[in-house]
Amino acid sequence: MSFPCRRPPRPSDEDDDLGLLHICIEGWGNWRWSEAFSVDNVGTLLRTIQYKGRTASLIIKVLQLNGVQKQVIICGRQVMCSYLSQDIDLRLVQHYVNPEGQTVVKEHVDCLEAGKKLPSYVLEDSELTELCVRARGDEDWSRDVRLERKEKERGSSSVVQVPCSSGSLLYVWCTLITMETDSHMQQRVVVFSPLFMMRSHLPDPVIIHTEKRSLGLRESQLIQGQGHQEQLLNTENDLTHHLTFQASEDENASHCAVPISTGVIKQIVNRNQAGLEDSQDHILADFYGLKNNSQPPWPYVSKDTDRPGSEVLAQWDSPMQVKLSAWRSGLNTLLVELIPWALLTNHSTWDLWLFEGETIVLQIPAGKTLVPPNFKEAFQLGIYWSDTNTVHKSTALKLVHDLTSPRWKEGVSPEVLTLDEEGYVEAEIPLGRNPGRQKVCQFCVSSVVRHGIQIIQIEDRTILVNNTPYFLSYRALLSDQALGTTDQACSLPDTAVFSLAPAGENTPSTPVSVACWDLQRKEGGIPQFPLPSRHMMFSCLPTTDPGPVGGSESWSLPAPIRPDFPRQSVAVPGEICSSSGLSTRALVMTYQEHLGVTYVTLNEDPCPHMVIHNQTPLSMLLRENVKEPPRTEVYCRPLPANSSLHHGLYHHFSSFPACRQREPLPTILLKTSPDPNSLPPSDLQASPEWSDPVDINCPGTQVVFLPGFGCLYIDVVHQGGTVILTLAPEGSVDSVMSLHNRTSNRKLAFRVLLSEASVSLRDDITSRSGSVELLRLTLSKLLLNLCPARLGDSGMGLVTAGMGEACLVEVHCASLQVDNQLYNRASFHFPVLLCQEQCVELPLWTSDANPTTSLQALEEFKASCFLQLGLTLDREGYSVDQLTFHIKPARLYLEDTFVYYIKTLFHTYIPDSALAPSPGPNPSERYGGPLLPETVLQSIPALVRPLRLQRLVIQPVDLLVSIHASLKLYIASDHTPLSFSLFDRGPLCTTARQLIHALTMHYAAGALFRAGWVVGSLDLLGSPASLVRSIGNGVADFFRLPYEGLTRGPGAFVSGVSRGTTSFVKHISKGTLTSITNLATSLARNMDRLSLDEEHYTRQEEWRRQLPESLGDGLRQGLSRLGISLLGAIAGIVDQPMQNFQRGSEMQSSAGSKAKGVISGVGKGIVGVFTKPIGGAAELVSQTGYGILHGAGLWQLPKQLYLPADQKSALAPNSHVKYVW
């Protein structure tokens, strides 16, 4: 049956309602349409269609999917659903009386597919008289299903016997659920479900034997494992079935049988009867709702951090448990679950052995999941190592259960690691006996509880991800000794080499586990570190043998794998050219740790910190002059002759991502490096001396004396956050300087003047009739200036030496204001959100009179601007090098109701994340390899491409902040002075999150230091801080103005005395009146809230928006509101009980509920007798004070620049096709 829809005709453009629709039933003739219904209101509604004495009831459900999408479900009163695993046929018998008075009987036969629903039947409950079922393709029908329900019963269940062609009977549950009981939108849902469902959490399939001992029958069924659900076949009603389980045909079945019957479900449902009524409403969501399975697949462990709460472990002292529960809330289907005590998953690259003492209890291959035996004691992990023909073991691990074992036991050996039900530990297995050739395998053993099962995972502790297009080789090293000295190059030991495949253009990289680490220890030596530290070396050079590639110069410097170094720049040797020598590739190595597993990713560095060109025929060593004691080894960088290398300073990666104060780069030292192949061994002992420190903060050319070589010319260039060093001998210095100092003769410079610019934020969704303006930003007298950096220094501190071709962008604004355009529509307190403190009237701009006519006028305009923003772009103009921001004293007005309203409105624009389509599969899941957590994938771009700025300057900010909080209790603080100090950082290499954190902490500290002024400015206290500040300003003017006039002459002194006295009186009277008025306003608003009369509160808020213009107007409004408050206090004793009684009658509440409502109304009326008169008296004082302040011109609240301009949808150019929810 189809339902055509149409829109009603529009009576006028003003009453255009795009959300109204008509509906009719096709085939009823004459196209009889129902009454119009709106899709704007979420909920359930009913529409009926009359035709030839028959009534068709259509139930329409409007569901909100997200902010811009809704789902409209149109269905009849009869809904048929099936949870069965086989198709069935339904036969419905319909009885109705035609217009001639004759009874008409019709049969409807339809196929109800497995796990589906039929299109609903548009039949009344009285018309549907019979319903029977048969198996698909059979001829015999079952008995009629009972369709009547008992009184005060929302649903009922019965077992239906369905004949099958094999001669047997299929028993199914038929559940009748009544939605919207005893209402005009009542709907009947018929649900067919099996008697029993089976779910096995085991890794492998299991054979279930079903015994019907009373009948002497036994049948077997294979149930798939790994959390799959299957219907238990060949079961009967009111018969006890005994279940036994068999792992495979070669093994014996379990000795203990589990009895189940349909009567068990009644005991389970009765225990949860409280939540049954509400849960039945969600059955239709399985058929009409979106298919959204948020549960991770078996074995139920996800890498995401948003894990559910801790669950209770089902058992730990028995290998298996059979759990009986309700399969779906509201249905009588019994769920039988096979729950092992634990699942052990081996995600590592090794085949592992499990030992309990000296006994092998289990062998688990890589990538497999098994059910381990119950561990009575601590267990160990073992690896068979072919080189030693021995199984090497890890430290012992002991499972700790919260209910049976304390977390700390006395006398436990420190060599035993305890693993909680929800936690992880790190385990190591040393391989080999020779200390010089030993390897270590590092694992992370974690445990979680899901579905009552303890899931133990064994993973490799370190995961590598190569996101570069290069084929990489890497070496993993564990060492408790320093790998180098501060004066010599790092000498790498002979270790194993592993490979990393590159990432393709269309295929992401595959994560690779680090199987083992080479352990370097000196025999008999004292370790320098308490724990061996992890290091990795990388190379892009091709290799043909598994040994080291061409010595230490073919590998990068050892990169420490530590949590306090989340981002490191690694210079990986890339190629060796006969003409240009060795060159490197700049890569970024990021470190992230998630639940005990370390994730190391390699990406191309978009902006290397340092590039060094050694154009001398001499090999050298470069050393960083670290000021503070380093947290890790700082290695010397070898500089081969005629090479171009990248280098990452310890200064950079040790401070990432902290936003430090302005700190210069460290100096570097150079010295010659002798070639061990060309010098005799006696000369190798004499180490040359280091050169003088080289300052790399100042761009330009420096001359340094290099011992053993002579004068060395070093050219320093800063380009987009990268320091480029060129080392050249004396003969080739001219060519180097001409190359780096080459400039372009073409320069771009322009100025843009705007008398005014306005940007508005509109809401096109909430109101269908038109577009509603929410906010308006108005910029007056705007100047945009673009010029080369060395020509545009405006005193903002953006131009520094050596900037070369950098470009300077300046934005100056004389006035800025953000208006609340909803002020006239709703009960908001502030018409303006942000504006300048002192409004200065500037002359209008013309083509002949503007700031660009002279340089002096331009500088005067810049100095008088309210807002100044300066940006310095790099040479390419793609990134910002420096940023400065300056704002003059401003006023900020915040209101919690407005903030919450805007926040809620924006949520309607953005689709709900819970209903958004689920993200695609994890790349590593599709292409193999370990899974990467979502948090790791999201953090990689922020670490690889950090926020880089040479300097960020925010000048001191002075604000007068007014805050009104009126959601629960009215608390206001008006014109609180807040001062924030200078924020100056640079050079910056950090993440956006860390920079926001630094800004938040800086300004939060500034607000905290002014907390006393905030408390003193509360209206509930009478704003004593504002009064003191106003008196202080008056006293200051009383002495300052005469003193200034005295320096200019007698006449100016007399004028200063007059103006000082006037200012003194003005400030004192203004401060006193403002304090009294704010106190009265706060008291009146809170009394109105405490009256518990929503109508009275809303009326008072609407009247408060009509501010008096004079003293007389204020007295008139105050007296009238006092009178209305007194009248409302007396009338509320009678009005409040009557309103509650009337509301209870409309909702058809019981007599007890009506009595409670009347008593509650009496209580509200009594409270209003006391609160409303107090609020009215306070309102009289408040309105009188506002009248005096407004009449004397002392009112401070700014006004909107422009009234909101609404746009009608009918006038839009695409209104005939635009449809807005």
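Student: Is Glu-773 buried or exposed?

Tutor: Buried means under 20% relative accessible area, exposed over 50%, and partly exposed in between, with a 1.4 Å probe and protein chains only. Glu-773 is buried, its relative accessible area being 0%. This is a predicted model, in which local features need pLDDT of at least 70 and side-chain atom pairs count only at pLDDT 80 or more, while totals for chains, interfaces and linings use all residues. Residues are numbered from 1 along each chain as its sequence is written, and side-chain values use heavy atoms, with hydrogens and water left out.

Student: Which side chain does Glu-773 meet in a salt bridge?

Tutor: A salt bridge is a side-chain nitrogen of Lys or Arg within 4 Å of a carboxyl oxygen of Asp or Glu. Glu-773 meets Arg-762 at 3.8 Å, N to O. This pair links distant parts of the chain, with Glu-773 in strand 52 (residues 770-788) and Arg-762 in strand 51 (residues 750-763), eleven residues apart; strands are DSSP runs (E, at least two residues), numbered from the N terminus.

Student: How many salt bridges does a search of the whole structure find?

Tutor: The search finds 19. One of them joins Arg-136 and Asp-89 at 3.0 Å, N to O. Arg-136 lies in the loop between strand 10 (128-135) and strand 11 (155-163) and Asp-89 in strand 8 (residues 88-97), so the pair ties together parts 47 residues apart in sequence. Asp-89 is buried, at 3% relative accessible area, and a network of salt bridges links Asp-89, Arg-134 and Arg-136.

Conventions:
Helix = DSSP H or I, 4+ residues; strand = E, 2+ residues; numbered from the N terminus.
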